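Welcome! Take a moment with the sequence and the 3D view below, and then let us walk through some of the contacts and strands together.

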Amino acid sequence: PNSVVSPGEVLQFRCNTPSPTCISVDFSLYKTETSIKKQTAETTTTFNLTLDASHQGQYTCDYSYRESASTSSRSNSISITVVNLQQPNISFSADGGPEVTRGYGFSIMCSTEPQYPGGSFHLKFSGSNITRTQSAVNHSAVFLFPEADFVHQGNYRCIYEVNVSSRTFTSTTTELQEITVKAPLALWSDSRTASHLSSSHHLLCEDTEKTKMSDG
């Protein structure tokens, strides 16, 4: 048998003798070939383990009689897989530079370390209850925003989700990614400056004509 679990879950291993006993026996729980727990009971006992990543492996148990010092053969083995998803990463890029400008596109990338194939990323925004979801491709996903507006301003975070052996596992959230949307630079001209330049040019031409007449 194989069990797929998350860190922090409590797993119970139940060990029992083939037939009821009237005396106490010593039960031992093994991870691979190492005894990790012992308990004394009659006929049956339950070992509880609060799991972390180090508990992944093969488990068996046996029992022994104190009086005769004889030990049973090992039980069938149980394989434990601990799915410990790493915290994903979040980043962004904007069209035309390092800042997001209103009217221009930007994108947010979510990525994670390659632990399991497939999965999906959820992008959450602090200013909305809407969550955008995309399938992971090469352990990452890109969320596109073709035209930035002030409503896109706020904090974003990613969550990675993957299915392992018919169970769904979810990562912790990324650090917050703040997006600030700035107004584009306005194009303008000063009509007074243009008028002044035109007048100066006109006066210069008149002065030049007068000089020519005086010389003649």
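## A salt bridge to start with

Arg 102 counts as partly exposed, at 39% relative accessibility. Asp 149 is also partly exposed, with a relative accessible area of 28%.

## The whole protein

Please keep in mind that this is a predicted model. The protein has one helix and 17 strands. Of its 216 residues, 31% count as buried. The accessible surface comes to about 13800 Å², and 51% of that belongs to carbon and sulfur atoms.

Side chains of opposite charge can pair when their charged atoms come close. In this protein the count comes to six salt bridges. One of them joins Arg 74 to Glu 33, with 3.6 Å between the closest N and O atoms. Arg 74 lies in the loop between β6 (57–64) and β7 (78–82), while Glu 33 lies in the loop between β3 (25–31) and β4 (34–41), so the pair ties together parts that are 41 residues apart in sequence. Glu 33 is exposed, with a relative accessible area of 60%, and Arg 74 is partly exposed at 33%.

Arg 74 also meets the side chain of Asp 62 in a salt bridge, again at 3.6 Å from N to O. Here Asp 62 belongs to strand β6 and Arg 74 to the loop between β6 and β7, 12 residues apart. Is Asp 62 buried or exposed? Asp 62 counts as buried, at 6% relative accessibility. Through shared partners, salt bridges join Glu 33, Asp 62 and Arg 74 into one network.

Strands of a sheet pair through backbone hydrogen bonds, either parallel or antiparallel.

Look at β1 and β7: they run parallel and are joined by four bridges. Across this pairing, Asn 2 stands opposite Ser 79 in β7.

## Aromatic rings

A search of the whole structure finds seven aromatic pairs. Phe 121 and Tyr 160 make a tilted one, 5.1 Å from centre to centre with 45° between the planes. Phe 121 is in strand β11 (residues 120–125) and Tyr 160 in strand β14, 39 residues apart. Phe 121 is buried, with a relative accessible area of 0%, and Tyr 160 counts as buried at 3%.

Phe 125 and Tyr 156 form a stacked pair, with centres 4.5 Å apart and 20° between the planes. Phe 125 lies in strand β11 and Tyr 156 in strand β14, so this pair ties together parts that are 31 residues apart in sequence. Both Phe 125 and Tyr 156 are buried. Together with Phe 106 and Phe 145, Phe 125 and Tyr 156 form one aromatic cluster.

Definitions and conventions:
Residues numbered from 1 in each chain as written. Predicted model: local features only at pLDDT ≥ 70, side-chain atom pairs only at ≥ 80, totals over all residues. Heavy atoms only, no water. Helix = DSSP H or I, 4+ residues; strand = E, 2+ residues; numbered from the N terminus. Buried < 20%, exposed > 50% of the residue type's maximum accessible area, 1.4 Å probe, protein only. Areas by Shrake-Rupley, 256 points an atom, 1.4 Å probe, with all protein chains shown as cover. Salt bridge = Lys/Arg side-chain N within 4 Å of Asp/Glu carboxyl O. Pairing = 2+ DSSP bridges. Phe/Tyr/Trp six-rings, centres within 6.5 Å; stacked < 30°, edge-to-face > 60°.
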